[in-house]
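Here's a quick tour of a protein model, starting with one local spot and then stepping back to the whole chain. Have a look at the structure first.

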Amino acid sequence: MKEAAPEARAGQHVMAGFEGTDAPASLIERVRAGRIGGVILFKRNIESAGQTAALIASLQDAALASPLEAPLLVGIDQEGGRVSRLSDDFTTFPAARGFGDAGDATIAREAARITGAELEAVGVNVNFAPVLDILTNPECAVIGDRAFGESSDVVGRMGEAVTQGMQETGVAACAKHFPGIGDMAPDPHDVLPASRLTLDELRAREMRPFQHLIRRTPPACVMTAHAVFEAIDDASPASLSPVFLQEILRGELGFRGVAITDDLDMGAIDDPAEAALHSILAGADIALICHSEDAQERACSAISDTIRNGSLPPEQEAASSDRIRRLKESYCRPNWRAEMLEIIGCEEHREARERILAAIGEA
(Lines give C-alpha, C1' and ligand atoms only; values in the text may rest on other atoms or scores of the structure.)
Protein backbone atom coordinates (compact mmCIF):
# COMPACT_ATOMS: atom_id res chain seq x y z
CA MET A 1 0.00 0.00 0.00
CA LYS A 2 1.16 3.51 -0.79
CA GLU A 3 1.74 6.29 1.72
CA ALA A 4 -1.32 8.53 2.06
CA ALA A 5 -2.89 11.37 3.98
CA PRO A 6 -4.43 10.74 7.43
CA GLU A 7 -7.97 10.49 5.96
CA ALA A 8 -7.05 7.56 3.73
CA ARG A 9 -4.99 5.91 6.45
CA ALA A 10 -7.92 6.28 8.85
CA GLY A 11 -10.23 4.62 6.34
CA GLN A 12 -8.25 1.39 6.60
CA HIS A 13 -9.51 1.12 10.17
CA VAL A 14 -13.22 1.26 9.21
CA MET A 15 -15.30 -1.66 7.88
CA ALA A 16 -18.75 -0.62 6.68
CA GLY A 17 -22.11 -2.21 6.06
CA PHE A 18 -24.56 -0.82 3.49
CA GLU A 19 -28.00 -1.38 1.97
CA GLY A 20 -28.84 -2.95 -1.36
CA THR A 21 -27.60 -5.51 -3.86
CA ASP A 22 -25.71 -2.86 -5.83
CA ALA A 23 -23.07 -0.62 -4.33
CA PRO A 24 -24.60 2.81 -3.59
CA ALA A 25 -22.91 5.72 -5.35
CA SER A 26 -21.97 7.25 -2.00
CA LEU A 27 -20.25 4.02 -0.96
CA ILE A 28 -18.25 3.84 -4.19
CA GLU A 29 -17.23 7.47 -3.69
CA ARG A 30 -16.07 6.83 -0.11
CA VAL A 31 -14.18 3.70 -1.09
CA ARG A 32 -12.46 5.55 -3.94
CA ALA A 33 -11.53 8.35 -1.53
CA GLY A 34 -9.97 5.80 0.82
CA ARG A 35 -12.41 6.48 3.67
CA ILE A 36 -13.39 2.81 3.95
CA GLY A 37 -10.95 -0.10 4.08
CA GLY A 38 -13.47 -2.92 4.18
CA VAL A 39 -17.13 -3.85 3.79
CA ILE A 40 -19.37 -6.45 5.38
CA LEU A 41 -22.15 -8.23 3.49
CA PHE A 42 -25.52 -9.33 4.84
CA LYS A 43 -28.56 -11.04 3.33
CA ARG A 44 -29.75 -7.60 2.26
CA ASN A 45 -26.76 -7.45 -0.11
CA ILE A 46 -26.91 -10.96 -1.61
CA GLU A 47 -29.41 -12.37 -4.10
CA SER A 48 -27.16 -14.77 -6.06
CA ALA A 49 -23.53 -15.80 -6.48
CA GLY A 50 -23.17 -13.94 -9.78
CA GLN A 51 -24.68 -10.74 -8.38
CA THR A 52 -22.46 -10.97 -5.28
CA ALA A 53 -19.32 -11.40 -7.37
CA ALA A 54 -20.26 -8.38 -9.51
CA LEU A 55 -21.01 -6.28 -6.43
CA ILE A 56 -17.64 -7.10 -4.86
CA ALA A 57 -15.79 -6.54 -8.13
CA SER A 58 -17.29 -3.04 -8.44
CA LEU A 59 -16.14 -2.21 -4.92
CA GLN A 60 -12.66 -3.60 -5.49
CA ASP A 61 -12.29 -1.53 -8.67
CA ALA A 62 -13.05 1.58 -6.61
CA ALA A 63 -10.63 0.51 -3.87
CA LEU A 64 -7.76 0.03 -6.29
CA ALA A 65 -8.33 3.61 -7.49
CA SER A 66 -8.07 4.94 -3.91
CA PRO A 67 -5.03 6.86 -2.61
CA LEU A 68 -3.53 3.71 -1.04
CA GLU A 69 -4.37 1.56 -4.09
CA ALA A 70 -5.22 -1.17 -1.58
CA PRO A 71 -7.94 -3.80 -2.02
CA LEU A 72 -10.91 -3.98 0.31
CA LEU A 73 -11.44 -6.51 3.02
CA VAL A 74 -14.83 -8.09 2.28
CA GLY A 75 -16.34 -9.78 5.31
CA ILE A 76 -19.41 -11.88 6.02
CA ASP A 77 -20.97 -13.79 8.94
CA GLN A 78 -21.29 -17.21 7.35
CA GLU A 79 -21.34 -19.44 10.43
CA GLY A 80 -24.07 -21.78 9.21
CA GLY A 81 -27.46 -22.45 10.75
CA ARG A 82 -29.37 -19.32 11.76
CA VAL A 83 -26.38 -17.08 11.02
CA SER A 84 -26.18 -17.59 7.27
CA ARG A 85 -26.07 -14.72 4.79
CA LEU A 86 -25.78 -16.57 1.47
CA SER A 87 -28.40 -17.19 -1.20
CA ASP A 88 -29.77 -20.63 -2.04
CA ASP A 89 -27.35 -21.29 -4.89
CA PHE A 90 -24.48 -21.60 -2.38
CA THR A 91 -23.71 -24.74 -0.39
CA THR A 92 -24.59 -24.06 3.25
CA PHE A 93 -24.38 -26.04 6.48
CA PRO A 94 -26.14 -26.33 9.86
CA ALA A 95 -25.18 -24.49 13.03
CA ALA A 96 -21.99 -25.24 14.94
CA ARG A 97 -23.75 -27.21 17.68
CA GLY A 98 -24.44 -30.12 15.36
CA PHE A 99 -20.74 -30.46 14.58
CA GLY A 100 -19.80 -30.18 18.24
CA ASP A 101 -22.29 -32.88 19.22
CA ALA A 102 -20.97 -35.17 16.47
CA GLY A 103 -17.46 -34.60 17.77
CA ASP A 104 -15.74 -35.19 14.43
CA ALA A 105 -13.30 -32.37 13.65
CA THR A 106 -12.70 -33.81 10.17
CA ILE A 107 -16.21 -33.05 8.96
CA ALA A 108 -16.13 -29.59 10.57
CA ARG A 109 -12.97 -28.87 8.62
CA GLU A 110 -14.49 -30.18 5.38
CA ALA A 111 -17.61 -28.04 5.79
CA ALA A 112 -15.44 -24.99 6.45
CA ARG A 113 -13.31 -25.77 3.41
CA ILE A 114 -16.39 -25.93 1.17
CA THR A 115 -17.80 -22.74 2.64
CA GLY A 116 -14.46 -20.98 2.25
CA ALA A 117 -14.01 -22.12 -1.34
CA GLU A 118 -17.43 -20.74 -2.33
CA LEU A 119 -16.87 -17.47 -0.47
CA GLU A 120 -13.48 -17.07 -2.12
CA ALA A 121 -15.03 -17.71 -5.52
CA VAL A 122 -17.20 -14.59 -5.28
CA GLY A 123 -14.54 -12.41 -3.66
CA VAL A 124 -15.30 -12.60 0.07
CA ASN A 125 -11.97 -12.71 1.90
CA VAL A 126 -12.92 -12.65 5.61
CA ASN A 127 -15.45 -14.91 7.32
CA PHE A 128 -16.51 -13.94 10.83
CA ALA A 129 -16.27 -17.52 12.13
CA PRO A 130 -15.63 -19.69 14.08
CA VAL A 131 -17.65 -18.82 17.16
CA LEU A 132 -15.44 -19.72 20.13
CA ASP A 133 -17.94 -18.84 22.83
CA ILE A 134 -18.67 -21.71 25.21
CA LEU A 135 -22.36 -22.13 26.02
CA THR A 136 -21.83 -22.13 29.77
CA ASN A 137 -25.15 -20.34 30.37
CA PRO A 138 -28.10 -22.07 28.64
CA GLU A 139 -30.00 -18.76 28.87
CA CYS A 140 -27.50 -17.13 26.49
CA ALA A 141 -29.84 -17.08 23.50
CA VAL A 142 -27.60 -14.83 21.39
CA ILE A 143 -25.10 -17.72 21.27
CA GLY A 144 -27.21 -20.85 21.71
CA ASP A 145 -26.56 -23.34 18.89
CA ARG A 146 -23.93 -21.02 17.41
CA ALA A 147 -21.58 -22.53 20.01
CA PHE A 148 -20.00 -25.92 19.40
CA GLY A 149 -20.94 -26.90 22.96
CA GLU A 150 -20.46 -26.44 26.69
CA SER A 151 -16.89 -27.80 26.82
CA SER A 152 -13.86 -25.60 26.20
CA ASP A 153 -12.05 -28.61 24.75
CA VAL A 154 -14.80 -29.31 22.20
CA VAL A 155 -15.09 -25.65 21.25
CA GLY A 156 -11.33 -25.29 20.88
CA ARG A 157 -10.94 -28.44 18.81
CA MET A 158 -13.84 -27.66 16.48
CA GLY A 159 -12.81 -24.02 16.21
CA GLU A 160 -9.36 -25.10 15.14
CA ALA A 161 -10.80 -27.40 12.47
CA VAL A 162 -12.99 -24.62 11.07
CA THR A 163 -10.08 -22.19 11.04
CA GLN A 164 -7.88 -24.68 9.21
CA GLY A 165 -10.54 -25.48 6.61
CA MET A 166 -11.42 -21.84 6.03
CA GLN A 167 -7.91 -20.43 5.78
CA GLU A 168 -6.57 -23.14 3.49
CA THR A 169 -9.06 -21.87 0.86
CA GLY A 170 -7.67 -18.34 1.04
CA VAL A 171 -10.39 -16.87 3.27
CA ALA A 172 -9.34 -15.35 6.59
CA ALA A 173 -11.04 -16.81 9.65
CA CYS A 174 -12.16 -14.46 12.42
CA ALA A 175 -12.59 -16.09 15.84
CA LYS A 176 -15.28 -14.51 18.01
CA HIS A 177 -16.41 -13.10 20.48
CA PHE A 178 -13.28 -12.50 22.54
CA PRO A 179 -12.93 -13.12 25.48
CA GLY A 180 -16.13 -15.20 25.34
CA ILE A 181 -19.76 -14.26 26.06
CA GLY A 182 -21.42 -17.66 26.43
CA ASP A 183 -21.80 -17.10 30.18
CA MET A 184 -24.04 -14.03 29.68
CA ALA A 185 -27.78 -13.86 29.14
CA PRO A 186 -28.30 -10.27 27.85
CA ASP A 187 -27.96 -9.79 24.09
CA PRO A 188 -25.43 -7.09 23.10
CA HIS A 189 -27.58 -6.36 20.05
CA ASP A 190 -29.98 -4.80 22.58
CA VAL A 191 -28.06 -3.85 25.73
CA LEU A 192 -24.51 -3.87 27.05
CA PRO A 193 -24.07 -7.09 29.07
CA ALA A 194 -21.90 -7.23 32.17
CA SER A 195 -20.13 -10.10 33.90
CA ARG A 196 -18.47 -10.54 37.29
CA LEU A 197 -16.12 -13.25 36.06
CA THR A 198 -12.54 -12.69 37.17
CA LEU A 199 -9.54 -12.93 34.89
CA ASP A 200 -8.60 -16.26 36.45
CA GLU A 201 -12.10 -17.57 35.74
CA LEU A 202 -11.86 -16.38 32.14
CA ARG A 203 -8.47 -18.07 31.79
CA ALA A 204 -9.86 -21.32 33.18
CA ARG A 205 -12.83 -21.48 30.83
CA GLU A 206 -14.02 -18.74 28.43
CA MET A 207 -10.62 -17.81 27.00
CA ARG A 208 -9.30 -21.36 26.67
CA PRO A 209 -10.57 -21.89 23.09
CA PHE A 210 -8.98 -18.60 22.02
CA GLN A 211 -5.70 -19.52 23.69
CA HIS A 212 -5.80 -22.97 22.06
CA LEU A 213 -6.43 -21.53 18.60
CA ILE A 214 -3.91 -18.70 18.79
CA ARG A 215 -1.16 -21.09 19.90
CA ARG A 216 -1.89 -23.90 17.46
CA THR A 217 -3.64 -22.53 14.36
CA PRO A 218 -3.74 -18.74 14.60
CA PRO A 219 -6.81 -17.18 13.00
CA ALA A 220 -6.08 -14.20 10.79
CA CYS A 221 -8.52 -12.11 12.86
CA VAL A 222 -10.20 -12.02 16.25
CA MET A 223 -13.49 -10.20 16.90
CA THR A 224 -13.87 -8.53 20.29
CA ALA A 225 -17.10 -8.57 22.30
CA HIS A 226 -19.33 -5.77 23.55
CA ALA A 227 -19.38 -6.93 27.16
CA VAL A 228 -18.08 -5.40 30.37
CA PHE A 229 -16.09 -7.64 32.70
CA GLU A 230 -16.39 -5.62 35.88
CA ALA A 231 -13.62 -7.36 37.81
CA ILE A 232 -11.11 -6.69 35.01
CA ASP A 233 -12.08 -3.38 33.37
CA ASP A 234 -15.26 -1.81 34.68
CA ALA A 235 -14.87 1.30 32.51
CA SER A 236 -15.10 -0.22 29.01
CA PRO A 237 -16.50 -3.24 27.19
CA ALA A 238 -13.83 -5.64 25.94
CA SER A 239 -14.19 -4.23 22.42
CA LEU A 240 -13.02 -0.80 23.66
CA SER A 241 -10.68 -1.94 26.42
CA PRO A 242 -6.87 -1.60 26.27
CA VAL A 243 -6.73 -4.18 29.05
CA PHE A 244 -8.37 -6.82 26.87
CA LEU A 245 -6.95 -5.71 23.54
CA GLN A 246 -3.36 -4.95 24.47
CA GLU A 247 -2.59 -6.63 27.79
CA ILE A 248 -4.57 -9.86 27.37
CA LEU A 249 -5.19 -10.55 23.66
CA ARG A 250 -1.81 -9.36 22.39
CA GLY A 251 0.32 -9.52 25.53
CA GLU A 252 -0.82 -12.64 27.37
CA LEU A 253 -2.19 -14.69 24.46
CA GLY A 254 0.33 -13.44 21.91
CA PHE A 255 -2.14 -12.71 19.12
CA ARG A 256 -0.41 -11.07 16.15
CA GLY A 257 -3.29 -10.81 13.70
CA VAL A 258 -6.01 -8.21 13.13
CA ALA A 259 -8.39 -7.33 15.97
CA ILE A 260 -11.88 -6.29 14.78
CA THR A 261 -14.70 -4.97 16.95
CA ASP A 262 -18.14 -6.48 16.86
CA ASP A 263 -20.70 -4.24 15.16
CA LEU A 264 -20.63 -0.84 16.84
CA ASP A 265 -24.16 -0.11 15.61
CA MET A 266 -25.54 -2.54 18.21
CA GLY A 267 -27.72 -1.45 21.10
CA ALA A 268 -24.83 -2.12 23.48
CA ILE A 269 -23.04 0.98 22.11
CA ASP A 270 -24.35 4.54 22.52
CA ASP A 271 -22.44 6.29 19.71
CA PRO A 272 -20.79 4.02 17.11
CA ALA A 273 -18.48 6.73 15.77
CA GLU A 274 -17.20 7.68 19.21
CA ALA A 275 -16.83 4.00 20.07
CA ALA A 276 -14.90 3.39 16.84
CA LEU A 277 -12.35 6.00 17.83
CA HIS A 278 -12.05 4.59 21.35
CA SER A 279 -11.60 1.06 20.00
CA ILE A 280 -8.71 2.09 17.73
CA LEU A 281 -7.06 4.07 20.54
CA ALA A 282 -7.49 1.03 22.82
CA GLY A 283 -5.69 -1.26 20.37
CA ALA A 284 -8.26 -2.59 17.91
CA ASP A 285 -7.27 -2.51 14.24
CA ILE A 286 -10.69 -2.27 12.58
CA ALA A 287 -13.95 -0.75 13.78
CA LEU A 288 -17.01 -2.50 12.33
CA ILE A 289 -20.05 -0.27 11.68
CA CYS A 290 -22.74 -2.24 9.88
CA HIS A 291 -25.51 0.28 9.21
CA SER A 292 -25.05 4.02 9.66
CA GLU A 293 -23.22 5.83 6.86
CA ASP A 294 -23.13 8.95 9.04
CA ALA A 295 -21.42 7.02 11.85
CA GLN A 296 -18.95 5.51 9.40
CA GLU A 297 -18.02 8.94 8.10
CA ARG A 298 -17.76 10.46 11.56
CA ALA A 299 -15.59 7.56 12.69
CA CYS A 300 -13.20 8.03 9.76
CA SER A 301 -12.95 11.76 10.47
CA ALA A 302 -12.34 11.22 14.17
CA ILE A 303 -9.64 8.63 13.55
CA SER A 304 -7.93 10.81 10.95
CA ASP A 305 -7.89 13.71 13.42
CA THR A 306 -6.12 11.57 16.02
CA ILE A 307 -3.58 10.46 13.43
CA ARG A 308 -2.96 14.05 12.39
CA ASN A 309 -2.59 15.45 15.91
CA GLY A 310 -0.65 12.50 17.31
CA SER A 311 -3.27 11.38 19.84
CA LEU A 312 -2.97 7.97 18.22
CA PRO A 313 0.71 7.23 18.83
CA PRO A 314 2.54 6.92 15.48
CA GLU A 315 4.11 3.60 16.45
CA GLN A 316 0.68 2.19 17.36
CA GLU A 317 -0.82 3.38 14.09
CA ALA A 318 2.11 1.97 12.12
CA ALA A 319 1.83 -1.44 13.81
CA SER A 320 -1.93 -1.57 13.27
CA SER A 321 -1.67 -0.49 9.64
CA ASP A 322 0.99 -3.12 9.07
CA ARG A 323 -1.27 -5.84 10.44
CA ILE A 324 -4.06 -4.75 8.09
CA ARG A 325 -1.63 -4.57 5.17
CA ARG A 326 -0.36 -8.10 5.85
CA LEU A 327 -3.93 -9.40 6.10
CA LYS A 328 -4.79 -7.89 2.73
CA GLU A 329 -1.63 -9.18 1.11
CA SER A 330 -2.41 -12.69 2.38
CA TYR A 331 -6.12 -12.89 1.64
CA CYS A 332 -7.21 -10.32 -0.96
CA ARG A 333 -7.22 -12.08 -4.31
CA PRO A 334 -5.96 -9.80 -7.10
CA ASN A 335 -8.03 -11.05 -10.03
CA TRP A 336 -11.54 -12.46 -10.28
CA ARG A 337 -12.61 -14.61 -13.22
CA ALA A 338 -16.13 -15.67 -14.17
CA GLU A 339 -15.21 -19.35 -14.26
CA MET A 340 -14.60 -19.22 -10.51
CA LEU A 341 -18.38 -19.29 -10.05
CA GLU A 342 -18.52 -22.85 -11.38
CA ILE A 343 -17.64 -24.09 -7.89
CA ILE A 344 -20.74 -22.52 -6.30
CA GLY A 345 -23.19 -25.27 -5.35
CA CYS A 346 -21.33 -27.77 -7.56
CA GLU A 347 -22.17 -31.46 -7.48
CA GLU A 348 -19.06 -32.30 -5.45
CA HIS A 349 -20.01 -29.81 -2.75
CA ARG A 350 -23.67 -30.90 -2.66
CA GLU A 351 -22.67 -34.54 -2.29
CA ALA A 352 -20.23 -33.65 0.48
CA ARG A 353 -22.98 -31.70 2.21
CA GLU A 354 -25.27 -34.74 2.21
CA ARG A 355 -22.51 -36.88 3.74
CA ILE A 356 -21.85 -34.26 6.40
CA LEU A 357 -25.54 -33.89 7.25
CA ALA A 358 -25.81 -37.66 7.66
CA ALA A 359 -22.73 -37.71 9.88
CA ILE A 360 -24.15 -35.09 12.25
CA GLY A 361 -27.64 -36.57 12.20
CA GLU A 362 -29.35 -33.77 10.27
CA ALA A 363 -29.94 -35.52 6.94
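## Cis peptide bonds

Let's start with His-177, which sits in strand β5, residues 172-178. This is a predicted model, and in it the peptide bond running from Lys-176 into His-177 is cis, with omega near 0°.

There's a cis bond between Ala-129 and Pro-130 too, where omega is about 10°. Pro-130 belongs to a loop, the one that runs between β4 (126-127) and α6 (152-167).

## A positive phi

Which residue other than glycine has a phi near 50°? That's Glu-69. You'll find Glu-69 in the loop linking α3 (49-64) with β3 (73-76).

## The overall fold

Zooming out, the protein chain has 13 helices and 10 strands. Its C-alpha trace spans about 55 × 50 × 35 Å along the principal axes. A compact globule of 363 residues would have a radius of gyration near 21 Å, and the 19 Å of this chain agrees with that.

Of the contacts with a separation of 6 or more, 78% are between residues 24 or more positions apart. Buried residues make up 60% of the 363.

## Surface and charge

The chain exposes about 13,600 Å², with 47% of that coming from carbon and sulfur atoms. As for charge, count 34 positive and 57 negative side chains. The centres of those two sets are 4 Å apart.

Technical notes: Residues numbered from 1 in each chain as written. Predicted model: local features only at pLDDT ≥ 70, side-chain atom pairs only at ≥ 80, totals over all residues. Heavy atoms only, no water. Helix = DSSP H or I, 4+ residues; strand = E, 2+ residues; numbered from the N terminus. Rg over C-alpha atoms; globule rule 2.2 N^0.38 Å. Buried < 20%, exposed > 50% of the residue type's maximum accessible area, 1.4 Å probe, protein only. Contact = heavy atoms within 4.5 Å. Areas by Shrake-Rupley, 256 points an atom, 1.4 Å probe, with all protein chains shown as cover. Lys, Arg positive; Asp, Glu negative; His and termini not counted. Charge placed at Lys NZ, Arg CZ, Asp CG, Glu CD.
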